[in-house]
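Thank you for letting me take a few minutes of the meeting.

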Amino acid sequence: MTVSNEDDLAKLQEIGRIVANTLEAMAAVLEPGMTTAELDMIGRRLLEEAGARSGPELVYDFPGATCISVNEQIAHGIPGSRRIEAGDLVNIDISAEKNGIYADTGASFAVPPVTNATKRLCQDGRRAMWVGLRQVGADKPIAGIGQAIGKFAEKNGYTLVRNLASHGIGHSLHEEPGEIPTWPDRSERRIMNEGLVFTVEPFLSVGATLATDGDDEWTLLSDPRAPTVQYEHTVVATRNGPLVVTLPG
């Protein structure tokens, strides 16, 4: 999607706020003892109340309104009977559609009590995302995003999962420009056009470099097994830099 008028931008910002507010509300009630299905039900209710529809459910017939991944699961976790425990690392990924426009956001949360290393991983995961976002702007190279995140990861002793990429979004959940690497990729030669809409979502880890299939057709696991976090915003490339639309408000 390329934003070309105020109406498109207003719709994108509306669905962006909806998914951001839903993520914030789900994080606020996250606690030991609840199941991932119970957490997902809260997300479903909030999306429906805002007039939005779950993106993965609508597009891919995913068995849940949101993706909730715990510990070794790093993406596309199916909400179910798994109980969240103290010390868990929980990723919540929310994408939704309203008025024909999609937005996508996500974040990882450490359920107290957790180690200082886990706290640092979460803090640095969010920092890595913003390092990438600061490279967004009209006429700038897409490769700059992955190069900046890669430098950050190397400097701070982390690895990056290299087969889960950012992606274009807007009129569809996944669209052109297709996959966008959040790691250094010398083959990436594309340039961001003004108004281009896409996600920035690095997977920062203390050892994993790949995501592999789990026991079901959806869930992805870290490989090798290692604590891994994901943070994600939907952004528009503008002449003034990044316009992040998935902020709560």
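Predicted model: local features only at pLDDT ≥ 70, side-chain atom pairs only at ≥ 80, totals over all residues.

Residues are numbered from 1 along each chain as its sequence is written, and side-chain values use heavy atoms, with hydrogens and water left out.

With that settled, consider Lys 98, which sits in strand S4; here and throughout, helices (H or I, at least four residues) and strands (E, at least two) are DSSP runs, numbered from the N terminus. Is Lys 98 buried or exposed? Its relative accessible area is 19%, so Lys 98 counts as buried, on a scale where buried means under 20%, exposed over 50% and partly exposed in between, with a 1.4 Å probe and protein chains only. The side chain of Lys 98 makes a polar contact of 2.8 Å with the side chain of Glu 14, and the side chain of Lys 98 also reaches the backbone oxygen of Ala 50 at 2.9 Å. If we set aside neighbours within four places in sequence, the residues in contact with Lys 98 (heavy atoms within 4.5 Å) are Glu 14, Ile 15, Ile 18, Ala 50, Gly 51 and Ala 52.

Another lysine, Lys 140, lies in the loop between H4 and helix H5 (143-155), and at 31% relative accessibility Lys 140 is partly exposed.

Gly 241 brings us to the strands, where two strands are taken to pair if DSSP finds at least two bridges between them. Strand S14 (residues 233-238) and strand S15 (residues 241-244) run antiparallel and are joined by four bridges, and together they form a hairpin with two residues between them. Within this pairing, Thr 238 has Gly 241 as its bridge partner.

There is also an open, antiparallel sheet of three strands in the order S6-S10-S13. Strand S6 (159-160) and S13 stand at its edges, each with a single partner strand, so one side of each is left without a neighbour in the sheet. Three bridges connect strand S10 (residues 203-205) with S13, and one of the bridge pairs is Phe 203 with Gln 230.

Now to the spaces, which are found on a 1 Å grid over the protein atoms alone: a cavity is a set of points where a 1.4 Å probe fits but cannot get out, a pocket is an open set with protein on both sides within 12 Å along at least five of seven lines, and lining residues have an atom within 4 Å of a point. Grid points are joined across faces, edges and corners, and a volume is the space filled by probe spheres set on the points.

The largest pocket holds about 480 Å³, and among its 25 lining residues His 76, Asp 93, His 167, His 174 and Glu 201 lie nearest its centre. S4 gives four residues, the largest share of that lining.

How many cavities of 30 Å³ or more does a search of the whole structure find? The search finds one, with a volume of about 60 Å³, and its lining includes Asn 71, Phe 203 and Gln 230. Asn 71, in the loop between strand S2 (67-70) and S3, has a positive phi near 55 degrees, in a residue other than glycine.

Finally, two cis peptide bonds deserve a look: one joins Glu 176 and Pro 177, with omega about 15 degrees, and another joins Asp 223 and Pro 224, with omega about -5 degrees.

Terms used. Polar contact = N/O pair within 3.5 Å; in protein donor to acceptor, adjacent residues only side chain to side chain.
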